[in-house]
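Visitor: Hi, I have this model open and would like to talk it through. Can we take it piece by piece?

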Amino acid sequence: MNTIVLDTAATAAQLAAGHISARELLQNCTAQIEATDARVNAFTEKTLGRALAEADAIDARRTRGETLGPLAGVPYAVKNLFDIEGVVTLAGSTVNRSHAAATADAFLVSQMAAAGAVLVGALNMDEYAYGFTTENTHYGAAHNPHDLSRIAGGSSGGSGAAVAAGQVPITLGSDTNGSIRVPASLCGVWGLKPTFGRLSRRGTYPFVYSIDHLGPMASTLGGLALTYDALQSPDPLDAGCHALEVQPVMPFMNSGIEGLRIGVLGGYFSDHASPAAREMVALAAKTLGAMDEVTWPDAALGRAAAFIITASEGGSLHLNDLRTRADEFEPLSVDRFIAGALQPADWTIKAHRVRRMYRGKINALFKDWDILLTAATPVSAPLIGTEWLDLNGTRHPARAAMGLLTQPISFAGCPVVAAPMWPANTNGMPIGVQIIAAPWREDLAFRAAQVLSRAGVAHTKPALFQTSTK
Amino acid sequence: MSDESTLNYVNSAAAVLGIPMDAARAGRVASHLQRTRAIAALLDGADLSVADELAEIYCPLAFKSNEYMREQL
């Protein structure tokens, strides 16, 4: 069974009815990983002993007639910055290999276990999450299952690639400036960056405390929603977890979009999107009946402030290791980390002040709109090793450019569902569309996403594992 | 900052922070910082007043409701 077509909710129901066992699901999953991961390079660690124990425990509970969790028996994997008990949390680095193994699971891994999901391993990523391409020098690049010569996106590249390759139907990732939405877009899978402060980050290796988010990626929208609901819980031990109660989206998935005010982001967002990306936004807009173009206030300013806070916090976090072990860092990002550590305080403080002003403008915008649409990446996946990108006549550093359209949104903390869409002229490669709602309104983003899914314009596709050179 | 002044800044600031820096790395870091400086210039154009505080400020303890305070009496 190729898990790319595995519908999470249906699978859990089949398992509960005894039509399939958790052990069979796990075997199907591990067979697909064995068959494909030498080409995809999504996994950095396999936790098959734990997975077998979790699967057998689920089967035993079913045999005893006990009530099973909503994700019972569903295999999943996590970006390797999530703590897994007994495993060293690499966060994409070799520096962390000298750390002790985690003594407990990350909060969200515990939530997944409580829902009955089966953890099969940890996934490739950009070192310390500072990148958009998962061209990891230490562990090798994550390859895009739809064209193995192309990037999977990042920094949660292994998380996107594993779902696209049909290895697991669900993964967890992190998103500071676009690190869930970029790989979701380039790999053609569903992704959710929730509201900043919605999900606990406890037990994950941080990148930028003041902007880090965690969230799921999935092969189906239903699986994404089911997983998101299972992940929710207040957590007073994460100072950045602001949600005080669970607000599930599953009950509202089929409420439709009647009465919702849906607009399309123009200006900065249109200027930084390729024709193929704009084509996908237009298709989503047409399907959702969105007619009006909307200006997102101060998008370039928001991106600038996010860039500066990211560099400063990231550089400060790793300063001790940069002093003594810089040569062990990822060559693609070590100089950026050092530059961040050296930034004048004025830049960082001003960026935080800009963020407060920015928040006010964005929250004001959502008094007039319920849903806003834009592309998740400017282009489809570039070839691995691409240095420069021409975008509407302007030359951009290719790796940084992958976050041009995501960074202004996450800086505001708004929830976004990334919907996988398939342009006609990108050689079969996907580009995602961001469905953006006001903070704490994930339910609205999921309602709009469900309309796109039901209309057949947003969906995953089985990977072909082919290689092109164009 | 000119390229040379950025390079001087990188070498001086790295020395203050105790980050070893050879000439090749100093050049690469200076290039990054030069790009960031151009980005930071956008912030200088933001319409900030003295009343615009940081987005999040230190909180000594979560706020206690009046109901909680009455219970403590």
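Visitor: In which sense do β8(A) and β10(A) pair, and over how many bridges?
Guide: β8(A) and β10(A) are antiparallel partners, with 6 bridges. Two strands pair if DSSP finds at least two bridges between them; strands (E, at least two residues) and helices (H or I, at least four) are DSSP runs, numbered from the N terminus. One pair of bridge partners is Leu172(A) and Pro216(A), the latter in β10(A).

Visitor: Before we go on, what kind of model is this, and how are things numbered?
Guide: This is a predicted model, where local features need pLDDT of at least 70 and side-chain atom pairs count only at pLDDT 80 or more, while totals for chains, interfaces and linings use all residues. Residues count from 1 along each chain as its sequence is written, and chains are lettered from A and ligands numbered from 1 in the order in which they are written.

Visitor: Thanks! Which strand joins β10(A) through 2 bridges?
Guide: That's β9(A), running antiparallel to β10(A). There, Gly191(A) has Met217(A) of β10(A) as its bridge partner.

Visitor: Is β10(A) buried or exposed?
Guide: 6 of its 6 residues are buried, so β10(A) is largely enclosed by the rest of the structure. Buried means 20 or more other C-beta atoms within 10 Å of a residue's own, exposed means 12 or fewer, and partly exposed lies in between, with C-beta atoms placed from the backbone.

Visitor: And which residues sit on each face of β10(A)?
Guide: His213(A), Gly215(A) and Met217(A) are on one side, with Leu214(A), Pro216(A) and Ala218(A) on the other. In a regular strand, side chains alternate between the two faces of the sheet.

Visitor: What's the strand order in the whole sheet?
Guide: It is an open, mixed sheet of 11 strands in chain A, ordered β1-β3-β2-β8-β10-β9-β16-β17-β13-β11-β12. β1(A) and β12(A) are at the edges with a single partner strand each, so one side of each has no neighbour in the sheet.

Visitor: Which strand does β12(A) pair with?
Guide: β11(A), in the parallel sense over 3 bridges. Leu265(A) is bridged to Val294(A) of β12(A).

Visitor: Changing topic: what is chain B built from?
Guide: Chain B has 3 helices and 0 strands. Of its 73 residues, 16% count as buried.
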